[in-house]
Amino acid sequence: MSWGTELWDQFDNLEKHTQWGIDVLEKYIKFVKERTEIELSYAKQLRNLSKKYQPKKNSKEEEEYRYTSTRAFLATLNEMNDYAGQHEVISENMTSLITGELTRYVQELKQERKSHFHDGRKAQQHIETCWKQLEASKRRFERDCKEADRAQQYFEKMDADINVTKADVEKARQQAQLRHQMAEDSKAEYSSTLQKFNSEQHEHYYTHIPNIFQKIQEMEERRIVRIGESMKTFAEVDRQVIPIIGKCLDEITKAAESVDHKNDSQMVIEAFKSGFEPPGDIDFEDFTQPMKRTVSESSLSNSRGDGKSEPKFGSKSKGKLWPFIKKNKLSLKLGAGPEDFSNLPPEQRRKKLQQKVDELNRDIQKEMDSRDALTKMKDVYVKNPQMGDAASVDHRLAELGQNIEKLRLEVQKFEGWLAEVEGRLPARPEQPRRQSGVYEAQNASGVNSCAQDRESPDGSYTEEQSQETEMKVPATDFDDEFDDEEPLPTIGTCKALYTFEGQNEGTISVAEGEMLYVIEEDKGDGWTRIRRNEDEEGYVPTSYVEVYLDKNAKGAMTYI
């Protein structure tokens, strides 16, 4: 099967076909190039995605990555970064092994094709020239034959005419002979030219054209093989990174399997444990004076008279009236706190003190390493004065010694505070007693009663704590803060849309359809403060009531 023998007359079609083959190769190169651009874009997007969700350094977010679930997520982000790197490898390998190589090959292929078809056109032009020569020789032979026939006929006519002189007859005879000779010469030339053309034509169609077409066929077959090899390389480039991508996915799976819910729960305890003891039972307070009404356990009593607070009935004290207690919330947010972390609960304080001690010990070790290095340098200078002046490092050694001494004093100070906290934590003190909404002191050392985390009606948490660790809070602080204040004015009315059972202290129970007074609108926490009568007020969910504010208050508004 050879193009030279089978397609000897399809020069133009072969030229078109080989050009189409080059176009296909260039199209495949363009396809691979776009694939590499996609891989690079994908890798860039993966890297940006991984970077976007990486924790910021020295931020609160970075502290959250101590849990196993968040560490697994961080490992996933890191593996996604490596995963993106493999797509960059795919792009680089395809560019170098396929796009670059095929681009150079296409240029070579175009030059080779141009050379082969140039030879083909040259051979075609040669055979056409031979054909033209044959045609010219043939026409000349035909013309000379006709001229010889006419000359012969003229001679015979002149010879038969008796009126023609003998000289004219002889002249006609000589002319006829000359024409016959010219015809014979043309015949010989035509015969020679014909033989030569047949030889050239046989050489053209059986030697030159087959050789040229064979080279074109081999060139085209090499192109086909090359594009097939490139497609195979295309797959191999992907296959080479599959093990590494699989390893990335395995690491993600391993990180996911390392998530330990029990460990994370324990870490939450370590992070937020205050070290305080739960509050003890509340003493029964017996009041014999007349009462206007008994407040249910689920309602809030806030009656006032003669500048003194009315007694509150129920099993929960006023110290738990969360909607009113805002001063202690602010005290925890203002400033960075004292040096000994006395503003923190015992367990959190112990952790902070331990961290501070460890940090100071690390600083001491760094200073000691620097001092040891300078000491060795000084010994070298003493033994080899030409290398440096030993006295030049004395000042720095003195500074390091002073720094180490200062740090040690700091360590002793924080270790003293740490020992104080650790000495108190193991012992479980007597259950605190609570009266009139405040805590009594736990022990005679002057340490305040333990502040306890409690839930407010809006679902948030806060810590009640004394302003100074070594000071007692007088039992009248809270009473003075709340009982001496004037009752809040009414700013509107509301209608209960649903029945609400106030279970938490500071809330009030309402029945569906009941009309009440609004004394404090929703501050954004989802609770509205209402009053039923002079003795009974509290908080209800805003979504449970329809509020009608007075126009002269803050504008008429309705919450549904």
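A nonpolar core is a set of buried Ala, Val, Leu, Ile, Met, Phe, Trp, Tyr and Cys residues joined through side-chain atoms within 4.5 Å. Buried means under 20% relative accessible area, exposed means over 50%, and partly exposed lies in between (1.4 Å probe, protein chains only). The model is predicted: local features need pLDDT of at least 70, side-chain atom pairs count only at pLDDT 80 or more, and totals for chains, interfaces and linings use all residues. Residues are numbered from 1 along each chain as its sequence is written, and side-chain values use heavy atoms, with hydrogens and water left out.

**View 1. The protein chain as a whole.** The secondary structure comes to 10 helices and 11 strands. Helices (H or I, at least four residues) and strands (E, at least two) are DSSP runs, numbered from the N terminus. Of the 560 residues in the chain, 34% are buried. Contact means heavy atoms within 4.5 Å. Among contacts between residues at least 6 apart in sequence, 71% join residues at least 24 apart.

**View 2. The largest nonpolar core.** This core has 31 residues. Those with the most contacts inside it are Leu25, Tyr28, Met94, Ile98, Phe213 and Ile216. Helix H2 (11-52), H4 and H5 each supply at least two of its residues. The largest share, 11 residues, comes from H4. Leaving aside neighbours within four places in sequence, Tyr28 is in contact with Ile98, Leu102, Ile227, Ser230, Met231 and Phe234. A second, separate core has 15 residues, among them Leu516, Val518, Val540 and Val545.

**View 3. Helix H4 against helix H5.** The axes of H4 (residues 68-160) and H5 (residues 166-257) come within 7 Å and cross at roughly 175 degrees. H4 is therefore roughly antiparallel to H5. Axes are lines fitted to C-alpha atoms, for helices over the stretch in contact, and angles run from 0 to 180 degrees between N-to-C directions. Angles under 35 degrees count as roughly parallel, over 145 as roughly antiparallel, 65 to 115 as roughly perpendicular and the rest as oblique. The residues of the H4 contact with H5 divide into 45 nonpolar, 19 polar and 23 charged. Here Ala, Val, Leu, Ile, Met, Phe, Trp, Tyr, Cys and Pro count as nonpolar, Asp, Glu, Lys and Arg as charged, and the others, Gly among them, as polar.

**View 4. Glu112 and its contacts.** Glu112 sits in helix H4. Its relative accessibility is 23%, so Glu112 counts as partly exposed. Neighbours within four places in sequence aside, Glu112 is in contact with Met219 and Arg222. The side chains of Glu112 and Arg222 make a polar contact (2.4 Å). A polar contact is a pair of N or O atoms within 3.5 Å; within protein, one must be able to donate a hydrogen and the other to accept it, and residues adjacent in sequence count only if both atoms are side-chain atoms. The C-alpha atoms of Glu112 and Ile216 are 8.6 Å apart, across 104 residues of chain.

**View 5. Val357 in helix H8.** Helix H8 holds Val357. At 4% relative accessibility, Val357 counts as buried. Not counting residues up to four places away in sequence, Val357 touches Val411, Phe414 and Glu415. Val357 and Val411 are 5.7 Å apart, C-alpha to C-alpha, and 54 residues apart in sequence.

**View 6. Ser509 in a loop.** Ser509 lies between strand S7 (492-496) and strand S8 (515-520). Ser509 counts as buried because its relative accessibility is 17%. A polar atom of the Ser509 side chain lies 2.9 Å from the backbone nitrogen of Gly502.
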